[in-house]
Amino acid sequence: MAKVALFGDSYIKRLSSYCKGFLGIPGDCRFYGVGGMRADSPNNEALRQLIRFQPDTVCICLGGNDISVDSSPKKTYEDIVGVVDCLRNSGIEMVYICEILTRGQFRKSPGLNKKTFDKKRKLINKKLRKTYKEFFVTFSDIHYPDHYDTDGVHINSTISIRDGRPAASGMKKFQCRLARILCRH
């Protein structure tokens with residue numbers, strides 16, 4: 001039976017709540033999500049528990065909380081690579097990296113705006129895509145603000161009405177994309 005782990009910030013924590021801990025893939029799938037987690041200081045307890053689980057495959061969703069007015073995209077990239085290296089050094093070979101999704105609100109980072117955030121996240125994503133190639137996960141069907149909560153940071157979990165028809169929530173799209181990727185392995 002395959003063992004899969006999802007590790008990261010509030011996107012992973014919220015996904016676990018959204019799907020009630022069942023991603024919809026065969027095998028044993030566990031969530032290690034901590035709101036506010038950063039790549040430069042991953043939650044040590046969640047990381048220890050994940051490594052103890054010894055999954056065949058891990059999907060990481062980190063980096064958005066690391067971006068600030070003063071942050072360095074190179075440093076954030078290196079911090080994410082450091083998390084991947086930590087997992088690989090513990091014997092986990094199959095590691096996927098999620099792209100850093102956009103945001104529209106930056107209350108926790110004074111002076112940051114969408115233009116600066118997007119410029120930095122795109123630089124980080126470009127480096128991650130080049131490094132991890134087919135193990136870099138994109139979410140091209142999740143759009144801001146259509147698929148975001150009113151907080152402007154997190155993807156929504158409610159169905160919206162578009163052109164008079166129900167449209168899938170951002171969280172449903174996030175879940176389905178990860179399930180498709182992780183089901184392959």
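Which residue just after helix 3 takes a positive phi? I looked, and Gly91 does, at about 105°.

**Ground rules.** I am working on a predicted model, where local features need pLDDT of at least 70, side-chain atom pairs count only at pLDDT 80 or more, and totals for chains, interfaces and linings use all residues. I number residues from 1 along each chain as its sequence is written, and side-chain values use heavy atoms, with hydrogens and water left out.

**Whole chain.** I found five helices and seven strands. Helices (H or I, at least four residues) and strands (E, at least two) are DSSP runs, numbered from the N terminus. Along the sequence I read β-α-β-α-β-α-β-α-β-β-β-α. The C-alpha atoms fill a box of roughly 45 × 40 × 30 Å along the principal axes. I then checked the radius of gyration: a compact globule of 185 residues would have one near 16 Å, and the chain has 16 Å, which agrees. That radius is taken over C-alpha atoms, and the globule rule is 2.2 Å times the number of residues to the power 0.38. Of the 185 residues, 48% count as buried (under 20% relative accessible area, 1.4 Å probe, protein chains only).

**Helix 3.** I took residues 73-89 next. These 17 residues should span 24 Å at 1.5 Å a residue, and the end C-alpha atoms are 24 Å apart, which agrees. The expected span is 1.5 Å times one less than the number of residues. Buried residues of helix 3 include Tyr77, Ile80, Val84 and Leu87. The buried residues pack against strand 1 (3-8), helix 2 (44-53), strand 3 (57-61), strand 4 (94-98) and helix 4 (114-132). Contact here means heavy atoms within 4.5 Å.

I searched the whole structure and found one cavity of 30 Å³ or more. On a 1 Å grid over the protein atoms alone, a cavity is a set of points where a 1.4 Å probe fits but cannot get out; a pocket is an open set with protein on both sides within 12 Å along at least five of seven lines; lining residues have an atom within 4 Å of a point. Grid points are joined across faces, edges and corners, and a volume is the space filled by probe spheres set on the points.

The largest cavity has about 90 Å³. Its lining includes Asp9, Tyr11, Cys61, Glu99 and Arg103.

The largest pocket holds about 390 Å³. I listed 18 lining residues, with Asn65, Arg103, Gln105, Lys108 and Val153 nearest its centre.

Notes
Buried < 20%, exposed > 50% of the residue type's maximum accessible area, 1.4 Å probe, protein only.
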